[in-house]
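Subject: The structure, and what turned up in it

Hi there,

Here is the structure I wanted to pass on to you.

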Amino acid sequence: MNGSNDDWRKSKDWLRFRRHWLKNHSPVEDKWYLCGICGRWIPKDEVTLDHIEPRTPQNMFSEDNIQPAHGYCNYAKGSRRIKPVVEKETYNFIDVVSKM
């Protein structure tokens with residue numbers, strides 16, 4: 001993509017993927033997500049999607065490479081690799097509970 005590094009956030013493909021991810025990963029009590037960076041709760045209307053591994057054309061739209069995050073946590077992390085605070089199994093459990 002030409003332009004700034006932020007162009008991907010406005011792409012139709014990313015917005016479609018974001019809607020798909022949020023639809024498939026329901027918030028707890030229809031209100032909250034768990035930030036994979038700091039481990040605290042995020043109101044659903046403030047959630048951003050963080051790429052666990054820095055984005056590449058191969059993992060840009062991989063659900064396994066996405067975790068919910070606060071906007072400020074996501075911004076502070078940038079493209080660094082850090083171990084997620086919240087394990088995948090925890091998100092799987094939250095998904096099951098959220099759909100009950």
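How are D13 and R16 separated in helix α2? They are 3 residues apart, which amounts to about one helical turn. In general, an α-helix has 3.6 residues a turn, so residues three or four places apart point the same way.

Before the rest, a word on the source: this is a predicted model, in which local features need pLDDT of at least 70 and side-chain atom pairs count only at pLDDT 80 or more, while totals for chains, interfaces and linings use all residues. Residues are numbered from 1 along each chain as its sequence is written, and side-chain values use heavy atoms, with hydrogens and water left out.

First, the overall picture. The protein chain has 4 helices and 4 strands, arranged along the sequence as α-α-β-β-β-β-α-α. (Helices are DSSP runs of H or I with at least four residues, strands are runs of E with at least two, and both are numbered from the N terminus.) Of its 100 residues, 35% count as buried; buried means under 20% relative accessible area, exposed over 50%, and partly exposed in between, with a 1.4 Å probe and protein chains only.

Now the salt bridges. The structure holds 5 of them, each being a side-chain nitrogen of Lys or Arg within 4 Å of a carboxyl oxygen of Asp or Glu.

- D13 and R16 form one, with the closest N and O atoms 3.1 Å apart. D13 is partly exposed at 43% relative accessibility, and R16 is partly exposed at 48%.
- D30 and K44 form another, at 3.2 Å from N to O. This pair links distant parts of the chain, with D30 in the loop between α2 and β1 and K44 in the loop between β2 and β3 (48–51), 14 residues apart.
- D50 pairs with K77, the closest N and O atoms being 3.1 Å apart. Since D50 lies in strand β3 and K77 in helix α3 (residues 71–77), the pair ties together parts that are 27 residues apart in sequence. Both D50 and K77 are buried.

The largest nonpolar core has 13 residues, and W14, W21, C35 and I66 have the most contacts inside it. (Such a core is a set of buried Ala, Val, Leu, Ile, Met, Phe, Trp, Tyr and Cys residues joined through side-chain atoms within 4.5 Å.) Two or more residues come from each of α2 and β4, and α2 gives the most, with 3. Apart from this core lies another, of 5 residues, including V28, L34, V86 and Y91. I66 touches W14, F17, W21 and D50, among others, not counting residues up to four places away in sequence.

Finally, helix α4 (residues 88–98). Its buried residues include Y91, I94, D95 and S98. Cover for the buried residues comes from elements including α2 (12–24), β1 (32–34), β2 (41–43) and β4 (66–69).

Best wishes

Note on methods:
Contact means heavy atoms within 4.5 Å.
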